[in-house]
Amino acid sequence: MGQPTLILASASPRRRELIARLGVTPDAIAPADIDETPARGELPRDYAKRMAREKAEAAASPDGFVLAGDTVVAAGRRILPKAEDEATARQCLELLSGRRHRVLSAIALRAPDGAVRERLSETIVQFKRLSADEIDAYIASGEWDGKAGGYAIQGIAEGLISRIQGSHSGVVGLPLYETRALLKAAGFPIA
Ligand SMILES: Cc1cn([C@H]2C[C@H](O)[C@@H](COP(=O)(O)OP(=O)(O)OP(=O)(O)O)O2)c(=O)[nH]c1=O
């Protein structure tokens, strides 16, 4: 039997860059188009895991591995939206200003036999209290676009974050410790 194939079921360029750091090159990129609406009362960690699992299941791959991820920013039990416009990004930043929040990053791996395994990374992120000028400047940067919770730690937002406890790669979108462990546990060849 030859080397098994791996499909990365993601449209996120960050996930592609992050998996490369494990020395893994996906054979194909196949973003999954699923309904990303949280269920009523769904807890942030359950939602993140369900999204990652549904993305992994949606990708067609008869005889290979499929990896998917989902990153959710949560303030208490509240799931923050993915910011697609300025007003949403501003609301997120006002909510996150001066407080701690959690970033849940779930990954799911479908093995060739159809079994799906999941892992969850949980990181606590503390933002400084943001002034109106800081929020305006961040909005003007555009870096919030398409990001869960309206910020990207891998850009200028890190200058506004006093502390993180957990996984930096998890916040960016693919927790590398959990991803390596999951691939290994499923028998995918990885150094
Ligand atoms: C909090 C945070 C999120 N993000 C990004 C990671 C994810 O791309 C995005 C959350 O949306 P996701 O739904 O996890 O992913 P996606 O829609 O970008 O890609 P796909 O579902 O196809 O895999 O927010 C950052 O890049 N930096 C951050 O600091």
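Trainee: Where is the place of V72?

Mentor: First, a word on the model: it is predicted, so local features need pLDDT of at least 70 and side-chain atom pairs count only at pLDDT 80 or more, while totals for chains, interfaces and linings use all residues. Residues are numbered from 1 along each chain as its sequence is written, and side-chain values use heavy atoms, with hydrogens and water left out. Helices (H or I, at least four residues) and strands (E, at least two) are DSSP runs, numbered from the N terminus. V72 has its place in strand 3.

Trainee: Is V72 buried or exposed?

Mentor: Buried means under 20% relative accessible area, exposed over 50%, and partly exposed in between (1.4 Å probe, protein chains only). V72 has a relative accessible area of 2%, so V72 is buried.

Trainee: Which residue's side chain does E42 join in a polar contact?

Mentor: A polar contact is a pair of N or O atoms within 3.5 Å; within protein, one must be able to donate a hydrogen and the other to accept it, and residues adjacent in sequence count only if both atoms are side-chain atoms. Here the side chains of E42 and R50 are joined at 2.7 Å. E42 sits in the loop between strand 2 (28-29) and helix 2 (44-58), and counts as buried because its relative accessibility is 15%.

Trainee: Now the ligand. Which residues come nearest?

Mentor: A residue is near a molecule if one of its heavy atoms lies within 4 Å of it. Of the 20 residues around the ligand, S10, A11, R15, K55 and K82 come nearest.

Trainee: How much of the ligand's accessible area does the protein cover?

Mentor: Accessible areas come from the Shrake-Rupley method with a 1.4 Å probe. On its own the ligand has 600 Å², of which the protein covers 94%.

Trainee: Which elements give two or more residues to the shell around the ligand?

Mentor: They are helix 1 (13-20), strand 3 (65-75) and helix 5 (168-172). Strand 3 gives the most, with three residues.
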